[in-house]
Amino acid sequence: MANKETVELVEQKAALMRRHVIEMGYKAGGRGAHFGPALSSIEIVASLFFGTMNHDPEDPTMADRDRFVQSKGHACLALYSALGEAGYITQEQMDTFKGDGSFLAGHPTRNPQYGIEVSSGTLGNGFAVACGMAKAAKIKGEDHKVFCLVGDGECNEGVIWEAAMNAVKYGLDNLVAIIDRNFVQLAGTTKDIMDVDIEALWRAAGWDVLVLEDGNDATSLLDALEAMKASSNGKPHMIIANTTKGKGISFMEGSLNWHARPMNDEQYEQAVADLENAAG
Amino acid sequence: MNKAALDKLQDWSAAGHRTVQADTLMMLAAEHPEVVALSADLTPTARLVPFKDTYPDRFFDVGIAEQNLIDFSAGLALEGLRPFAVGLAAMVPMRPAEQMRAAIGYMKANVTVIGLEAGVRFGPLGNTHYAMDDIAVVRAIPNFTVIAPSDPLSTHKALYACMEHEGPVYMRLTGGPGYPVLYPDDFDFQIGKAIEYRSGSDVAFVACGSLVADAAAAAEILESKGISTRVVDMHTIKPLDTEMLDTVFAENRLVVTVEEHSPFGGLGGAVAEYKAGLAGAPKQVIASLGDKFQRLGDHKFLMKENGLTAPDLAALAEANL
Ligand SMILES: Cc1ncc(C[n+]2csc(CCOP(=O)(O)OP(=O)(O)O)c2C)c(N)n1
């Protein structure tokens, strides 16, 4: 069971991260941002960075750090906001998001010095790369874990299933993947675009699967991550976390319109008001 | 050309290539029952919502699955349908490159693959979203025709030409909102037949995609300095219009190829390959995105950074003349 302090820390960081997502995305102006995809992932990423993962912003490339691979790269703001809160990157650097010459692109670009392990953006690849990193840890006899954030729509990609089978073949029980199941992809709901029972598919592929009814709840996430991190049952682990796309912003929650777009002043004010109300 | 297209020109120029291709696919679908459109979870991005709503039985979203997009389209085509498979240029010819070869090129399937936002149009999204290698990859597949139209009406006419064409086509699209208009009225567009946009005898810009407009602006700059400049809209990169190139090589002192692509295997590469077999052809300079991943920046920034703005192109030509 996750201890109370950790849960509180994750919840507090999640609130701060949401605010960073809005600020960075708003500052990007006409360049826009993937708000909805980042907001559904916030508690997952916060739980990893402020609860589950062994890492040290003072020593970002230490050999035994747990690796985080964001395969749904378009939700980079969830990662950047965590990196900001953890101290890998400064507020000044966050302010350059999507700007000319910035290293914080609209999709993560590998930069281990700042805590970005893998470049992603073309869906499916990050997950398969994470499997390779988990195998490498086994080959080298290292104990760290590899965590990978995947989208539910992303599971449409063929390479996801190629890698899923491969991960079982090589018994990658040091790999914990988390699907941010927000039930929406780019052009519509997952039901409309590709109505499949992903839980059954992951089980059929041979993964150790756990479904979280509330994937925006820090306690359930921390418990699930802890259990899977500790388990060495010879199977790769999958947490299917049911979330809400655009979580925390009234006009974005569950919306098909907030996959990626610019935010105007009025929307910004509403978003900030929503976050301030939630903080009480 | 149908009048509806001319009537839409202002809107098309304002909206950019996504809207031009989507509206044109609607027109083609109305005229040809065998036309079907496909996307891989990009229907709104590709402006295909009206197509989907109007022709629900002739529109297929295969999910985020570009390899399947290509193979499925090939199957439809082999049975007589005319699929237009629309995706992002950064994803669609690259992830399923092998499917493009085996299922489309090899079997001469009548599929038109449309790559949106080619080159570095997706600026702030970063390098995974740039298509700097798509021409090179598709050009190397036998039987494929590769087209990069330069303006709204040429995009429209190119799609009509695809409908009449037998064989696979890859169309890469570049001009965004503010798509420059080079052809305000109806004009002759034929696959494989380049258009001399402006004549001139010193420099020749041979360009493709929306950079033809920048080459034309560069030509104005050179003309003002007394350097006579030809501009060729080489909208079809394969098959290359070698007749037009023969004229250019005979009459111009310097050839500058211009493309939003790697210097390898694109338009510049194609021209150089042809030139390699000719004696006495003039010097060629390749203006391109360079052999590198890009620094992050918006499209304008990246054009400047890569020397692809009109003043840069004019300076490059002048320095090499
Ligand atoms: C290979 C590839 N194809 C298409 C895209 C365009 N794209 C970006 S995000 C997205 C939808 C992703 O949906 P999902 O995985 O459910 O993530 P969510 O945004 O819902 O968090 C698509 C199709 C892409 N980035 N990569």
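Between chain A and chain B, an area of about 1900 Å² is buried, and carbon and sulfur atoms give 57% of it. On the chain A side, the greatest losses of area to chain B fall on A:Thr122, A:Glu157 and A:Leu186, which together make up 24% of what that side buries. The structure is a predicted model. Within chain B, the domain assignment gives domain 1 (4-172) and domain 2 (195-320), and the second largest pocket lies between these two domains. The structure also holds one cavity of 30 Å³ or more.

**Interface between chain A and chain B**

- Chain A gives 27 residues to the contact, and chain B gives 23 residues.
- Two salt bridges are counted between chain A and chain B.
- The side of chain A that touches chain B comprises 14 polar, eight nonpolar and five charged residues.
- A salt bridge joins A:Arg31 to B:Asp298, with the closest N and O atoms 3.0 Å apart.
- Polar contacts between chain A and chain B amount to 14 residue pairs, both residues being at pLDDT 80 or more.

**Contact between the two domains of chain B**

- The centres of domain 1 of chain B and domain 2 of chain B, taken over C-alpha atoms, are separated by 25 Å.
- In this contact, 27 residues come from domain 1 of chain B and 31 residues from domain 2 of chain B.
- About 2100 Å² is buried between domain 1 of chain B and domain 2 of chain B, with 56% of that area given by carbon and sulfur atoms.
- The count of salt bridges between domain 1 of chain B and domain 2 of chain B is one.
- B:Arg139 and B:Glu273 form a salt bridge in which the closest N and O atoms are 2.4 Å apart.
- There are 16 residue pairs in polar contact between domain 1 of chain B and domain 2 of chain B, both residues being at pLDDT 80 or more.

**Second largest pocket**

- The second largest pocket contains about 510 Å³ of space.
- Because domain 1 (4-172) and domain 2 (195-320) of chain B both give residues to its lining, the second largest pocket lies between them.
- Its lining consists of 28 residues, and those nearest the centre of the pocket are B:Asn127, B:Thr128, B:Tyr130, B:Met132 and B:Phe293.
- Divided by class, the lining of the second largest pocket has 13 polar, 11 nonpolar and four charged residues.

**Largest cavity**

- The largest cavity holds about 90 Å³ of space.
- The residues that line the largest cavity include A:Phe49, A:Met53, A:His55, A:Pro60, A:Phe68, A:Tyr88 and A:Gly115.
- Also in the lining of the largest cavity are A:Arg65, A:Asp66, A:Arg67 and A:Glu117.
- By class, the lining of the largest cavity has five nonpolar, four charged and two polar residues.

Definitions and conventions
Residues are numbered from 1 along each chain as its sequence is written. Chains are lettered from A and ligands numbered from 1 in the order in which they are written. This is a predicted model: local features need pLDDT of at least 70, side-chain atom pairs count only at pLDDT 80 or more; totals for chains, interfaces and linings use all residues. Side-chain values use heavy atoms; hydrogens and water are left out. On a 1 Å grid over the protein atoms alone, a cavity is a set of points where a 1.4 Å probe fits but cannot get out, and a pocket is an open set with protein on both sides within 12 Å along at least five of seven lines; lining residues have an atom within 4 Å of a point. Grid points are joined across faces, edges and corners, and a volume is the space filled by probe spheres set on the points. Ala, Val, Leu, Ile, Met, Phe, Trp, Tyr, Cys and Pro count as nonpolar, Asp, Glu, Lys and Arg as charged, and the others, Gly among them, as polar. Domain bounds come from an automatic or database domain assignment. Contact means heavy atoms within 4.5 Å. Buried area is the accessible area (1.4 Å probe) that two parts lose on being put together, summed over both. A salt bridge is a side-chain nitrogen of Lys or Arg within 4 Å of a carboxyl oxygen of Asp or Glu. A polar contact is a pair of N or O atoms within 3.5 Å; within protein, one must be able to donate a hydrogen and the other to accept it, and residues adjacent in sequence count only if both atoms are side-chain atoms.
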